[in-house]
Amino acid sequence: MKITKSLTLLFLFFACNNISPKDTTINSGINKADSGSEKASNNDPSSELLDYLKSYKNKVSFDTTIELTGNKLRLQVVHYCTFDSAIKVPEKYVDIYKINNFTTHDFNSSIKLFKNDTLTLDTIIRKNDFDKCLPGNLRSYGVLLFPNIRVDSGFLNVDYSISIPLTDVGIGVTLALKGSRYEAICR
Amino acid sequence: MTGISSQALQFGKYNKYRYNGKEQQNKEFSDGSGLEWYDYGARFYDNQIGRWSVIDPMIEKHFDYTPYAYVYNDPIKLIDLRGMDSAQRAQAIAKAQEYVRDKKDGNQYQMGAKGQPGEKVDCSGLVAESVTAGGEKNPNHGSESSGVLNIEDNTTKVKDKDATAGNVVTFHFDGDGYAYHTGLVTGVTKDKDGNIVSFTMIQSSSGVGPNEKTVTIGEGKLGENVNGFYKWDTKPDVKSDTKPAANSNAQPAAASSKIPSSSGYIPGNMFSVLQGLKIF
């Protein structure tokens, strides 16, 4: 309820940059930015908070098959909120949102890897799998977010961000899938 | 210069872009002759004598070697992309450019996202990944409430007059809302007194994601709220015969042998990675 009330106070929220029409966006030939989108984002100041709250109920799923080094690999990833209320984010991280005592949840990933139609890996990936990469504040308040599948050096990888919700305090980590085992890689 | 000619086949226009893709400045004089120097951005290189025309602007980092020699007289192994000591910063810029080049259609910005090129990333995520690509530890660590502030704490603020491509720039905004932003500087324009007039940076901005932008000092929301420029590169450059790992976050090996430890040159085998680098 507090969160709902606080939304009304967010009329001047600006996400991680503030773009003025006076600023000139240059086109260097590699720039695919759409200045119209930039403008639109400023008209929707509470979008970051709303997007995060919506993500609780939005499972992210991948089911992809690729041919890699002569083998057919099928990767199924389901990333979901655990609704465990295990993370209490200190006020200093979220005072910009006019929120006190923000309690949020861990996210986990269910990962299944099939090699030539044989299940070789079936596991749940949690933030704790990346403990070796995490400083104290991310161990306490970080959440496993934004899975992305990528092929690198002959392996299927899943990139994640472990960040304190609603902030840009966080790091990128990678889960390298190596047959029946996996390896947490700090970036 | 006589010798093997690039015009032997006698077709197409004269190719002014020569060794390392640098533009040859020729026919400057009225009689059709010229110096035939190569423009490396920071200074001109005379390929006929294998020397620079002026000293290395970064000579204080390797003052024990002649400032006129090209890459310690070892052009087979080493490349100097800009005519100045810049290897770590060049690698960071190359990474940032990868984010812009690989950006997918639609919004690729997400608060808290620390993705790689082609994935969603926020402003401090793009800067931190670029810095780690330059061989430094991720600067977004610490007890601050913002990644931008963590980056400021873990780097060294430089005078505006000393700002250069590859530095991190940060912005502080007053009022309600998210108060901080950051980007990686890719070019700086200064007036005759050395004061910054404008700079170009690669940033990840809300509603868009990675993009390149020119900021004029004192103009617009960004130009009016520059907090400072930050130097993060501290390590010796990679040894010339050390093959860079595929993982761009790999730490460079310590320099050794005859190459001074503070060399800023880039091993030849990194050139393909850096060909997209914009020269200022």
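Helix α2 of chain B, residues 123-133, is mostly covered, with 11 of its 11 residues counted as buried. That takes in C123(B), S124(B), G125(B) and L126(B), along with V127(B), A128(B), E129(B), S130(B), V131(B), T132(B) and A133(B). Just past the end of α2(B) sits G135(B), whose phi is positive, at about 95°. All of this comes from a predicted model, which scores ipTM 0.78 and pTM 0.68.

Setting aside neighbours within four places in sequence, V127(B) is in contact with I151(B), V168(B), T182(B), G183(B) and L184(B). V127(B) also turns up in the largest nonpolar core, which has 71 residues. Which members of this core touch the most others? They are V94(A), Y160(A) and I162(A) from chain A, together with V127(B), L184(B) and V185(B) from chain B. The element that gives the most to this core is helix α1 of chain B (residues 87-101), with 8 residues.

Next come the strands of chain B. Strand β8(B) covers residues 180-190 and is mostly covered, as 9 of its 11 residues are buried. Strand β7(B), residues 168-172, is joined to β8(B) by 5 bridges, and the two run antiparallel. Within that pairing, F171(B) has H181(B) in β8(B) as its bridge partner. Strand β9(B), residues 196-205, also pairs with β8(B) in the antiparallel sense, this time over 7 bridges. Here G183(B) has Q203(B) in β9(B) as its bridge partner, and G183(B) is also one of the contacts of V127(B). β8(B) and β9(B) make a hairpin with 5 residues between them. In the turn of this hairpin, G194(B) has a positive phi of about 90°.

Over in chain A, 4 strands form an open sheet, in the order β1-β2-β5-β6, with antiparallel pairing. The edges are taken by β1(A) (60-68) and β6(A) (118-125), each of which pairs on one side only. On average, neighbouring strands of this sheet are turned by 10° against each other, ignoring direction. Looking at one pair from the sheet, β1(A) meets β2(A) (residues 71-81) in the antiparallel sense over 9 bridges. F62(A) stands opposite V77(A) of β2(A).

Is N157(A) buried or exposed? It counts as buried because it has 21 C-beta neighbours inside 10 Å, and the cut-off for being buried is 20 or more. Leaving out residues up to four places away in sequence, N157(A) touches R150(A) and D152(A), as well as T174(A), L175(A), A176(A) and L177(A).

Finally, a word on confidence. Chain B has a mean pLDDT of 76, and 65% of its residues reach 70 or more. Residues 237-280 of chain B have pLDDT below 50, yet beyond near neighbours in sequence this stretch has 94 contacts in the model. Where pLDDT is low, the predicted coordinates should not be read in detail.

Note on methods. Residues are numbered from 1 along each chain as its sequence is written. Chains are lettered from A and ligands numbered from 1 in the order in which they are written. This is a predicted model: local features need pLDDT of at least 70, side-chain atom pairs count only at pLDDT 80 or more; totals for chains, interfaces and linings use all residues. A residue is buried if 20 or more other C-beta atoms lie within 10 Å of its own, exposed if 12 or fewer, and partly exposed in between; C-beta atoms are placed from the backbone. Two residues are in contact if their C-beta atoms, placed from the backbone, lie within 7 Å. Two strands pair if DSSP finds at least two bridges between them. Axes are lines fitted to C-alpha atoms, for helices over the stretch in contact, and angles run from 0 to 180 degrees between N-to-C directions. pLDDT is the predictor's confidence in each residue, from 0 to 100. A nonpolar core is a set of buried Ala, Val, Leu, Ile, Met, Phe, Trp, Tyr and Cys residues joined through C-beta atoms within 7 Å.
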